[in-house]
Amino acid sequence: VRMAQLEANRGIVSCYGQMAREVGYRGMIAVVSDPVDPLCKAFLESSGLHPAQIQGYGLGVMHTRALYFAKRDERFYAYEKEGRAFGPHGADLVLADSLTAYDDQNSRELTELVTGANLQVRALGYKPYIAPAFSSGALSILLTLRGRWHYSSLYLGDDRDGAFFGVKNRMTENGPVYEDAEICEPLFDRLCQA
């Protein structure tokens, strides 16, 4: 589904990227359509903007779903205060139940529950769009504009080699700053895989 969305939306995003290039756009671009991370890259390539001007919004809903499961299952309780969400909104999502006492098995199970929640709603015959519109879209964009911590995809890498990747971050006068958390080796391996 995401690949079909990428093909359909890439042309739209690239068209707006070209317009941004032509007028020398200096503002920020918020990509909220699926698949967020590849569409951010398509906008970057078509616009010639600085990567810090582009953010993708899709990870907020995954974080919020993890909070939902953390409140309902004591195995995931630590996520509310110590957990983090990383990566794309989709199959390569990485949830960490805790940064200070990471449990790989719990974290992988929580990730499966969160990614599966979307499919469960679809199986009931509904397209889940309200929760993502609020959690990943409206609320995360407002937090960005206010300079508060939130989840979104930022460009990580250099001018030649990099990718958009979802992390906890905030916007400052000098551009986005991502949380530089200490990561244990099993979690780091999952992040590299994603």
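A disulfide is a pair of cysteine sulfur atoms within 2.5 Å. The structure is a predicted model, in which local features need pLDDT of at least 70 and side-chain atom pairs count only at pLDDT 80 or more, while totals for chains, interfaces and linings use all residues. Residues are numbered from 1 along each chain as its sequence is written, and side-chain values use heavy atoms, with hydrogens and water left out.

Cys 15 is partly exposed, with 43% relative accessibility; the class lies between buried (under 20% relative accessible area) and exposed (over 50%), using a 1.4 Å probe and protein chains only. Cys 192 is likewise in no disulfide, its nearest cysteine sulfur being that of Cys 184, 12 Å away. Cys 192 is exposed, at 53% relative accessible area. The disulfide count by this rule is zero.

Next, select residues 150–157, which form strand β5, and residues 162–172, which form strand β6. Strands (E, at least two residues) and helices (H or I, at least four) are DSSP runs, numbered from the N terminus. β5 and β6 run antiparallel and are joined by eight bridges; two strands pair if DSSP finds at least two bridges between them. A hairpin of four residues connects β5 to β6, and Leu 156 stands opposite Ala 163 in β6.

Continue to strand β7, residues 175–178, which is antiparallel to β6 and joined to it by four bridges. Here the hairpin passes through two residues, and Thr 172 faces Gly 175 in β7.

Select Gln 55, located in strand β2 (residues 54–56). Is Gln 55 buried or exposed? Gln 55 is buried, its relative accessible area being 0%. Its side chain makes a polar contact of 3.2 Å with the side chain of Tyr 57, and another of 3.4 Å with the side chain of His 150. A polar contact is a pair of N or O atoms within 3.5 Å; within protein, one must be able to donate a hydrogen and the other to accept it, and residues adjacent in sequence count only if both atoms are side-chain atoms.

**Last stop: helix α6**

Finally, select helix α6, residues 130–145, and find Ile 130 in it. Ile 130 is partly exposed, at 49% relative accessibility.
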